[in-house]
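Work through the exercises below with the sequence and the model at hand. Each task is followed by a solution in steps.

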Amino acid sequence: MVRFRTEILSIKGLRNCNEDSLLSKKIARRTYLLAIADGMGGMKGGDVASKSVLLSVIDFLKKEINRKDLQINPKELLKKSFLVGQTCIADKIASNPQLKGMGTTLTAVLIIDGKYVWGNLGDSRIYLLSDGNMQQITEDHSYIQEYIRNYKNEVSNPILTQYKNIVTRIIDGGLDKPDIYPEEVEYEIIKRGDMFLLCSDGLIIDKTKDYSGFFKEIIYSKKSIKRTARELIKWALDNGSDDNISIVLGRYGNLLKRKSTEDDNTVRILP
């Protein structure tokens, strides 16, 4: 039987507190949720936001998946999960106005009976290693990403410095909606050797770049997903990350033989 192995790891980096929350949870038979929430709003607000959203999403999914009358549609379930997160934050702020202004990103992969979907709100990312190739499968909801999309050129250092931490969509009790994937079909089928890497933006040193090649190198050099998580965080710290760094890894079976490409060690600018 092919096993689904997971690993989670989070550190506060050079920050005073860690507002990230993360999980890898087996919800039911052959049903898993991988998720990261990167909180914002200070120690009291950000920490409350990220933890509360993940707890509310898990509670919702458990109830829905265990309903015997439910025709499960993974995409719809994941979309509703983000709405549950928005409602959760709105309720928290309504009951405690001092929490006004808090929010969190949410990035998640939902796997049900070998079918998987994924989605995000904010700038926490998902990378997928499949068939020996690795790619970023979410798009950041950030000022920097919008700048790249609108102006189609490299981001100058002054703009990057000033706007690198500004997100354009989050879970804050408002109306922001997630991107849910895949776009063209209802779900993807997980394959032996597939590996998901979810990360908070603390892992991303330069937010104008796609680090797929670097992450692939680390994954294949370590084999063990526990060692992989540690090495990814070490790499970020060694290269100047000063943020909280959180990682969720999920791998279906053993890694397949790697496929070498010319640009494995290059950093590519996002389109």
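**Exercise 1.** Find the side-chain oxygen at the start of H2 that reaches a backbone nitrogen, then check the length of the helix.

Step 1. At the start of H2, the oxygen belongs to the side chain of Asn73 and comes to within 3.1 Å of the backbone nitrogen of Lys75. Helices here are DSSP runs of H or I with at least four residues, strands are runs of E with at least two, and both are numbered from the N terminus.

Step 2. Helix H2 (residues 74-95) has 22 residues, so at 1.5 Å a residue the helix should span 32 Å. The expected span is 1.5 Å times one less than the number of residues. The end C-alpha atoms of H2 are 32 Å apart, which agrees.

The model is predicted: local features need pLDDT of at least 70, side-chain atom pairs count only at pLDDT 80 or more, and totals for chains, interfaces and linings use all residues. Residues are numbered from 1 along each chain as its sequence is written, and side-chain values use heavy atoms, leaving out hydrogens and water.

**Exercise 2.** Is Thr31 buried or exposed?

Step 1. Locate Thr31 in strand S3 (residues 31-40).

Step 2. Its relative accessibility is 2%, so Thr31 counts as buried (buried is under 20% relative accessible area, exposed over 50%, partly exposed in between, with a 1.4 Å probe and protein chains only).

**Exercise 3.** Which residues of H2 are buried?

Step 1. Among them are Pro74, Leu77, Leu78, Phe82 and Ile89.

How values were computed: Polar contact = N/O pair within 3.5 Å; in protein donor to acceptor, adjacent residues only side chain to side chain.
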